[in-house]
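Please look at the sequence and the structure before reading on.

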Amino acid sequence: MPIFEYRCSKCNKKFELLVGVGKESDELKCPGCGSKDLSKLFSTFGFKGENGGGTSGCGTCTASSCDGCG
Ligand SMILES: [Zn+2]
C-alpha cells in the first residue's frame with residue numbers, strides 16, 4: 001500500500017497518509033486544521049516514474065496511463 005506525503009497549504013503541516021486502492025485525494029484532509037487544500041509530495045515508496053506528470057493513477061502499476069488496473 002503506497003504511502004503518500006502531503007503538505008497542507010493552509011498551515012504548512014507536513015504529514016503522511018496511507019492511500020488505499022480506490023481512495024481518492026478528495027477524502028484527504030489535514031490532520032492539523034482540517035483543510036483539504038493539500039499539496040501532494042512524491043514519496044519514495046514504490047515511486048518508479050521518471051516524472052509523475054501530476055496524475056498517475058496508482059502506485060502499483062508501472063504503466064503511465066493506468067488503463068488496466070482500474
Ligand atoms: Zn493544515
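Cys33 is partly exposed, with a relative accessible area of 36%, whereas Cys8 is buried; buried means under 20% relative accessible area, exposed over 50%, and partly exposed in between (1.4 Å probe, protein chains only). The table sets out the two values.

| Residue | Relative accessible area |
|---|---|
| Cys8 | 1%, buried |
| Cys33 | 36%, partly exposed |

The model is predicted: local features need pLDDT of at least 70, side-chain atom pairs count only at pLDDT 80 or more, and totals for chains, interfaces and linings use all residues. Residues are numbered from 1 along each chain as its sequence is written, and side-chain values use heavy atoms, leaving out hydrogens and water.

The zinc ion has as protein donors the SG atoms of Cys8, Cys11, Cys30 and Cys33, which lie 2.3 to 2.4 Å from it. Donors are N, O and S atoms within 2.8 Å of the metal (3.2 Å for Na, K and Ca). The 4 donor atoms subtend angles of 105 to 118° around the zinc ion, so the arrangement is tetrahedral, a term for four donors with all angles between 85 and 135 degrees. Because Cys8 lies in strand S1 (residues 3–8) and Cys33 in the loop between strand S2 (14–18) and strand S3 (38–41), the pair ties together parts that are 25 residues apart in sequence. Strands are DSSP runs (E, at least two residues), numbered from the N terminus.

The open sheet has 3 strands in the order S2-S1-S3, with antiparallel pairing; two strands pair if DSSP finds at least two bridges between them. S2 and S3 stand at the edges with a single partner strand each, so one side of each has no neighbour in the sheet. S1 and S3 are joined by 4 bridges, and the bridge partner of Cys8 in S3 is Leu38.

Technical notes
Four donors count as tetrahedral if all angles lie between 85 and 135 degrees; four count as square planar and six as octahedral if opposite donors are over 155 degrees apart and all others between 65 and 115; anything else is irregular.
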